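Let's learn to read a protein model together, one feature at a time. Take a look at the picture, and then we'll talk it through.

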Amino acid sequence: METAKTKHPTFKYLILSLSLSFLLLFLFISLHPNRFQALLTTTVTENRPPHSAFVSSTEDLKIRPGYTSYDTYIQRQLNKTLNPKLREIWTTRDWDRKIQVFSRFFADLKSEKFLADSSKCLCVGARVGQEVEALKRVGVADSIGIDLVPFPPLVIKGDFHNQPFDDETFDFEFSNVFDHALRPEKFIAEIERTLKSDGVAVLHVSLSRRGDKYSANDLYSVKPLVKLFRRSKLVRVRKVDGFGLDTEVVFRKTKKNITQRF
């Protein structure tokens, strides 16, 4: 008597289906790599936790707690920027004094060849634009600032976490508001994105004292800055006296990613 062998057609069809699925996926990725990447990006973005969950602290850079959303953070910054008493002080009593101090800083940077009259310059987080006016007074005419609240003609509206400029637009970028960045990695990435190759970025930061109640982070050394500037080389660190900020850090953008130790 002949014994029939037991067959498993379901398993056979399952293997065939999986093989066809992988083949179709491979063909799709090969023919439409950009669409596949966009699909992945959209999926990740849609499933992200709240903004603050992506903000991390290190030993020398502490993100301040208390921001439940990015909108909450923006509103807190606007509370300072739109404060009528502060804006009056910035545009009257502090106006000439700050321009004179900024002018000395920029004159020194010019003498050291970090800045030239022909440079296209951006001041990040410029409020009413004293630093922009200072650049113009030392001969750097093509200068502009960005802030959440515009102050024409010196300052246009812009979020320093998402600068409203094309890649490699500026030769020189200056900021003294790093402590107001909720996402320091994005703050620095935007500077590097809009800075031209071989361009210079100058930050004034405080290492010896904490910022005011509107600060979003506290910096304790330049090590986090060196790590965050992934496409730039640290050129110089020096002590300054700049309205409560005590350290000037200068970076020059390179063409290749550089891993530095400080």
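Predicted model: local features only at pLDDT ≥ 70, side-chain atom pairs only at ≥ 80, totals over all residues.

A: Let's start at glycine 139, which takes a positive phi of about 105° just after H6. Residues are numbered from 1 along each chain as its sequence is written, and side-chain values use heavy atoms, with hydrogens and water left out.

Q: Which residues of H6 are buried?

A: Buried means under 20% relative accessible area, exposed over 50%, and partly exposed in between (1.4 Å probe, protein chains only). In H6 the buried residues are Gln130, Glu131, Val132, Ala134 and Leu135.

Q: How do I read an aromatic pair?

A: A pair of aromatic rings is described by the distance of the centres and the angle of the planes. Rings of Phe, Tyr and Trp (its six-membered ring) pair if their centres lie within 6.5 Å; planes under 30 degrees apart count as stacked, over 60 as edge-to-face and the rest as tilted. This structure holds 11 aromatic pairs.

Q: Where in the chain are phenylalanine 102 and phenylalanine 174?

A: Phenylalanine 102 is in helix H5 (residues 95-111) and phenylalanine 174 in strand S5 (residues 170-175), 72 residues apart, so the pair links distant parts of the chain. Phenylalanine 102 counts as buried because its relative accessibility is 3%, and phenylalanine 174 because its value is 1%. Ring pairs also link Phe102, Phe106, Phe172, Phe174 and Phe243 into a cluster.

Q: What lies over the face of phenylalanine 243?

A: A charge sits over a ring if NZ of Lys or CZ of Arg is within 6 Å of the ring centre and within 35 degrees of the ring normal. Over phenylalanine 243 lies lysine 98, at 5.2 Å from the ring centre. Likewise, arginine 210 lies over the face of tyrosine 220, at 4.3 Å from the ring centre.

Notes. Helix = DSSP H or I, 4+ residues; strand = E, 2+ residues; numbered from the N terminus.
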